[in-house]
Amino acid sequence: MRILLVEDERKLAAVIKKGLKEVHYAVDLADNGDDALFLAQSNPYDLIILDIMLPGKDGIFICRHLRRDKNDTPILMLTARDDVEDKISGLDAGADDYLTKPFSFPEFLARVRALLRRKNTEKSTRLKVVDLELDQLTHRVYRAGKEIELTPTEYTLLEYLMIHVGQVVTRTMISEHVWNDDFDAFSNVINVYVNYLRKKVDRGHTRQLIHSLRGVGYILKDK
Ligand code: CA
């Protein structure tokens, strides 16, 4: 899952970014409204966390602009003030949820998960494909009941493949949703990670779940 974090308070932005990365989200950071709008329009984010008071365009303007462009990425708005007016204008502008600073990090994460679930129309926090299970709350993965140890990148990649079970996932889709903008599009890093993942998930099992489609991408098959 790839998230755009828009927050101009440096310390808070660093804490949120670190916390999100620890639970395996790919995070891009914008510290002003103009960069935020540009990034939001250029990349298919799974979620945007949007502070209201920003240098340049403010959060309300950005939110309204994206909705007018038919961009339906879930938006979680942040504001320093517990102001009902702010809350109303945020939601009216098309935000999906709203959080007042300071907030507790566990509550923040729960809201992030809820918005990402809503986007994927997946009610459960546990994804299951044949005998492969992934728990989005604990970040644990099991094959045939046996736990598999994954690195954060492998986890994010597997989660993305499982959400799109039965669908072809291209390298472009993976690069846009699994990696943040540090990603080098010309490297073969995706191939390398899919191979790591395939070894951990499929090795020793008769049924292979992760398949490569030459020149196209990858597919996690449930039948
Ligand atoms: Ca701010």
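Figure 1. The calcium ion is coordinated by Asp8 (OD), Asp51 (OD) and Met53 (O), at 2.1 to 2.3 Å. Donors are N, O and S atoms within 2.8 Å of the metal (3.2 Å for Na, K and Ca); water is not among the atoms, so sites may look incomplete. Along the chain, the donors of the calcium ion follow the spacing D-x42-D-x1-M.

Figure 2. Asp8 is partly exposed, with a relative accessible area of 29%, while Asp51 is buried at 3%. Buried means under 20% relative accessible area, exposed over 50%, and partly exposed in between (1.4 Å probe, protein chains only).

**Figure 3. The interface between domain 1 and domain 2.** The domain assignment, which is automatic or from a database, gives domain 1 (2-119) and domain 2 (126-220). In contact (heavy atoms within 4.5 Å) are 11 residues of domain 1 and 13 residues of domain 2. The area buried between the domains is about 1,100 Å²; buried area is the accessible area (1.4 Å probe) that two parts lose on being put together, summed over both. In domain 1, Arg2, His24 and Pro44 lose the most area to domain 2, together 50% of what that side buries.

**Notes.** Residues are numbered from 1 along each chain as its sequence is written, and side-chain values use heavy atoms, without hydrogens and water. In this predicted model, local features need pLDDT of at least 70, side-chain atom pairs count only at pLDDT 80 or more, and totals for chains, interfaces and linings use all residues.
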